[in-house]
Amino acid sequence: MIDFTFTEEQELFRKAAREFAETKIAPHVPMMEETNRGWDEVDKELAEAEMFAVTIPEEYGGLGIGYIGRLIALEEISRISVATAMMYQVFGLGIEPFIKFGTEEQKKKFLPKFATGERLATVAVTEPSGGSDPKGCRTSYKKVNGNYVLNGRKCFITNSHTADAQVVLAVDEDNPDAMTCFIVEKGMEGFKPTHEEHKVGMRGCNTGEIEMKDVEVPAENVLGGEGKGLKVAMAAIGDVGRGGMVGCALGLQQACLDASIKFANERILYGKPISNLQAIQFKIADMKIDLEAGRLLGYRAAAIQDAGGRSSNEFAVAKYYTTEAAQKAAKMAVDIHGGYGCMDEFDVTRYLRDSFVLGPSAGTSDIMKVIVSRWALS
Amino acid sequence: MSKDKAAVFVVAEQGETGVEPASLQLVGKARELADALESKVGVVLLGKNLSDATQKLIEAGADLVFQGDADVLVPYQAELYTEIIVKLMAEHHPEILLLGSTFMGRELAPLIAAKLETGLTAHCIELEVNPEGILEQRIPAYGGMITIVCPEKRPQMATVANGVFSTPALDASRSGQIVSIEVPNAFELRAQTLEVVKEEAEGVSLETASVIVAGGAGAGNLEGWHEIGELATILNAGFGSTRPAVDAGWTELETMIGQSGKMVNPELYIGIGLSGELQHMVGIVGAKVMIAVNNDPKSPVFEQVDYGVLEDCREFVPALTKKLMESRNK
Amino acid sequence: MLNIVVCVKAVPDPRIADKLKIDPVTKSLPRLDIPLVINPLDSHALEAALQLKKKYEAHITVLCMGPPPAGNIVRECLALGADTGILLTDPAFAGADAFATAYTLAKAIEKIGSPDVVFCGMASSDGATEWVGPEIATFLDMPVVTMVREIVEDQGDDWIVKADYGHGYRTVKLKLPAVLTVTRNLNLPKPLSFSGILKARSKEITEWDHHDLGDPVERFGLKGSPTYVTEMYPLESRREVQMLEGTLQEKVARMVKILSDAGVA
């Protein structure tokens with residue numbers, strides 16, 4: 001059967017990630033909440049901690065640790081800051097199409113720079129016309145003299161303003177059934193990030209819009225082949241995007257559980273800590289059960305990924321389960337805190353707001369159910 | 001036990017003003033232990049210009065003072081001191097050897113113990129000879145006290161921090177024997193102290209403060225630590241710490257109060273954000289009023305103080321400081 | 001090639017360790033599962049070795065005496081940059097006091113062979129005797145400097161170091177081979193890195209028991225310890241606490257009164 005324990009090495013990865021999160025990320029969290037800005041060195045520090053190298057193969061300058069390692073790192077970062085975890089996970093999502101679909105030239109050109117954080121990636125699929133319906137994409141391309149000209153707008157893109165190599169999904173102007181992914185780079189004329197969102201949660205994580213006005217993209221920036229765009233985008237989002245949300249959700253669940261246990265042990269009512277009351281104990285048990293289950297679902301899917309298999313269905317299950325569980329956990333944590341659960345100084349208020357953003361990211365819960373039902377019925 | 005034998009020895013230290021207070025305290029204790037063993041107290045004193053110190057040691061209770069008076073003995077040199085003391089121990093075979101938990105003692109004691117292949121207990125709080133004539137050495141640990149013995153090897157060695165035992169009354173009428181010990185002339189030192197440099201200490205001295213504010217892990221971060229420091233300043237108190245605060249880098253080891261740190265004797269002690277761990281609490285000797293501020297209702301500190309405040313120190317301390325400033329300005 | 005040995009101890013996580021208390025009924029310690037970590041001061045000892053390795057060619061051996069789970073600590077030290085790890089593990093080592101511990105470590109260092117420098121943290125977070133470093137030095141017939149806060153000169157065999165002393169520090173001229181026990185102020189340990197963890201895959205950890213050290217078993221563990229614990233007892237509280245009541249501001253006001261009655265406010 002299966003050994004459900006982490007290896008000694010994986011425990012060390014977790015320790016390294018935890019130390020990084022506690023010493024380098026935690027001090028910035030209050031400022032991020034207040035200003036809705038990440039701190040200046042966040043990308044540099046993520047790079048120094050070798051976070052970007054985790055999924056990039058060794059031959060392209062990465063560490064090739066894999067997706068279980070990625071999930072471990074995300075859990076630990078998210079426990080301290082969901083916003084930073086989200087940023088990091090989407091950088092990873094942007095890197096994935098290069099690994100899976102890049103040509104040798106593209107891999108050599110981009111991956112080593114992604115590994116060191118010199119360049120940052122993201123994926124831009126969602127538009128005002130729909131994210132759940134990617135085929136409704138209106139950003140279009142036209143072939144001109146062997147190159148391509150892109151026009152359109154993407155919204156709700158994480159790292160919209162910080163990523164300098166964006167994988168953009170566009171539809172052929174002349175053929176609505178043909179979609180292609182392009183590497184759009186900062187500096188290309190006509191491409192610019194525009195509006196930045198103020199989200200209710202994950203504050204400090206850059207989410208915004210990008211605009212393309214007659215952007216000339218050279219043929220060598222087609223990623224994964226002309227006409228294959230939907231497959232490329234969905235493969236990346238399906239495995240790595242969803243996987244990243246699982247990491248964000250699990251970390252948040254752990255934070256909710258830790259905060260609830262601490263508060264329940266310190267808060268005295270009727271002469272005893274409230275952790276003695278069954279109503280509180282049951283909420284904590286619910287959180288714990290969801291966390292145990294969510295972890296197994298997430299690591300199972302990541303293990304399949306590490307073994308080279310397709311894991312989008314397993315990740316759909318895990319993404320649905322954990323992001324829903326995180327929202328429940330955050331609400332329970334706030335309830336356990338009573339009146340204090342509404343006060344800014346208590347982290348649980350931030351957890352509640354962060355949990356809202358987990359749902360629609362990388363596919364809504366309803367979409368997850370569509371995918372899972374398709375899997376079950378196939 | 002031969003009545004002429006010095007069964008209890010103390011390695012005394014020459015301080016800046018005569019003899020180190022810890023050495024006098026140890027001689028006082030040695031006197032007690034030697035009386036229980038019906039024996040004498042021997043003291044080793046190494047340094048230069050030792051007559052004043054020697055006199056005080058005799059007045060404190062020493063029967064024999066073995067003096068090593070030479071230029072090469074200043075400053076302290078580990079290998080040389082070890083060589084001299086080990087030789088003396090081999091000649092006199094005492095039952096007990098005590099040293100202060102001073103910087104010198106903490107290095108010298110294990111060097112002597114390893115050479116003599118005997119046992120050593122660090123930072124003792126209590127020393128007592130039991131009915132079988134064995135030295136019971138007590139140290140705080142795990143929220144209580146543990147008793148350690150060294151039943152076979154000799155001498156039974158222990159170090160004790162300054163302030164644990166009271167300074168004995170000096171009796172000018174006491175007399176004692178002074179013995180000069182041979183100091184090797186050309187001793188090759190592989191580790192040689194070239195100089196000892198004093199550094200400026202800041203703030204109210206903990207050892208003499210009548211009010212002490214001590215902070216612990218509950219300060220949370222450097223900002224929280226500074227808040228506690230402000231309270232100490234406005235109360236004109238000594239600002240002490242516990243090990244977690246030192247480990248967190250908020251303060252220096254010099255400010256640590258406890259079994260392996262400083263022993264203090266304030267009138268009023270306020271412990272903030274600390275758990276009341278015994279290793280720290282034994283450092284507070286004889287405070288009239290003790291107060292604790294902590295947000296954990298189960299904290300052991302609340303069993304050891306007169307007044308307890310169950311609040312987050314990050315909330316309570318700034319509020320208290322503010323109130324004190326307001327009443328001051330009235 | 002500098003041959004460096006770093007002695008590390010696996011201790012219960014100091015952040016949680018004060019939960020371990022003498023049981024008032026059984027008068028002994030309960031079995032609590034507190035995770036083991038590298039003794040904090042030993043991280044500084046390892047960092048000192050790593051900084052030397054950056055300057056000069058060096059081989060760092062990490063030496064740890066402990067039960068089998070302490071092997072994780074050794075692995076972590078390899079991930080931090082040490083070259084070889086040795087775990088001294090054997091039920092015969094149990095119950096060792098500082099003397100027996102130092103003796104065991106010294107025998108192991110002898111077996112490792114001709115070290116140039118031995119680094120130890122100046123004290124452990126759970127024993128804090130500060131004895132082990134100096135005693136190892138005595139058994140190996142090496143000089144020792146305790147509480148090193150700065151290494152001023154480290155080229156060749158003649159070193160100059162500064163160590164905490166009195167109300168300040170002392171400057172010591174030191175001839176290698178030697179033992180140094182280090183303080184927190186010596187350096188800032190580098191954090192654990194992913195690439196370090198991967199590099200540790202190819203590094204060796206060897207386990208030695210008392211047979212590997214050669215001496216008869218009576219020289220180790222409890223049998224080899226001149227001292228042992230005869231009893232432990234919890235302390236009864238000697239004060240009756242009065243908890244202040246009311247809102248935060250009410251407690252503040254009450255506290256001001258207490259302080260003013262005591263003559264300080």
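**Entry 1**

I call a residue partly exposed when its relative accessible area falls between the buried limit, under 20%, and the exposed limit, over 50%. I am working with a predicted model. I looked up B:Lys48 and read a relative accessible area of 29%, so B:Lys48 is partly exposed. I then checked B:Asp71, which counts as exposed because its relative accessibility is 58%. The two residues form a salt bridge, with the closest N and O atoms 4.0 Å apart. This pair links distant parts of the chain, 23 residues apart. I found B:Lys48 in the loop between strand E4 (40-47) and helix H2 (51-60) of chain B. B:Asp71 sits in the loop between strand E5 (64-69) and helix H3 (78-92) of chain B.

**Entry 2: other salt bridges**

I noted 58 salt bridges over all chains. I picked B:Arg106 and C:Glu130, whose side chains meet at 3.0 Å, N to O. Their bridge crosses between chains. B:Arg106 belongs to helix H4 (residues 103-116) of chain B. C:Glu130 lies in the loop between strand E6 (117-121) and helix H4 (132-139) of chain C. Both B:Arg106 and C:Glu130 are buried.

Next I took A:Lys262 and A:Glu266, a salt bridge with 3.4 Å between the closest N and O atoms. Both lie in helix H7 (residues 229-266) of chain A, four residues apart, about one turn of the helix. A:Glu266 has 24% relative accessibility, so I list A:Glu266 as partly exposed.

I also recorded a network of salt bridges in chain A, whose members include A:Arg14, A:Glu75, A:Asp258 and A:Arg295.

**Entry 3: a charged patch**

Which residues gather in a patch of negative charge on the surface? I found A:Glu34, A:Asp344, A:Glu345, B:Asp312 and B:Glu315. I placed A:Asp344 in the loop between helix H9 (312-336) and helix H10 (347-358) of chain A. A:Asp344 is exposed, because its relative accessible area is 68%.

**Entry 4: chain C**

I counted seven helices and 13 strands in chain C. Of its 265 residues, 55% count as buried. The C-alpha atoms fill a box of roughly 65 × 45 × 40 Å along the principal axes. The accessible surface of chain C is about 11,800 Å², and carbon and sulfur atoms own 52% of that. I located the mean positions of the 29 positive and 35 negative charges 5 Å apart.

I finished on C:Glu218, in the loop between helix H6 (210-213) and strand E12 (228-234) of chain C. C:Glu218 is partly exposed, with a relative accessible area of 46%. Leaving out residues up to four places away in sequence, C:Glu218 touches C:Lys223 and C:Gly224.

Conventions:
Residues numbered from 1 in each chain as written. Chains lettered and ligands numbered in written order. Predicted model: local features only at pLDDT ≥ 70, side-chain atom pairs only at ≥ 80, totals over all residues. Heavy atoms only, no water. Patch = residues over 30% accessible without salt bridge, like charges linked within 9 Å, V, L, I, M, F, W, Y side chains within 5 Å. Areas by Shrake-Rupley, 256 points an atom, 1.4 Å probe, with all protein chains shown as cover. Lys, Arg positive; Asp, Glu negative; His and termini not counted. Charge placed at Lys NZ, Arg CZ, Asp CG, Glu CD. Helix = DSSP H or I, 4+ residues; strand = E, 2+ residues; numbered from the N terminus. Buried < 20%, exposed > 50% of the residue type's maximum accessible area, 1.4 Å probe, protein only. Contact = heavy atoms within 4.5 Å.
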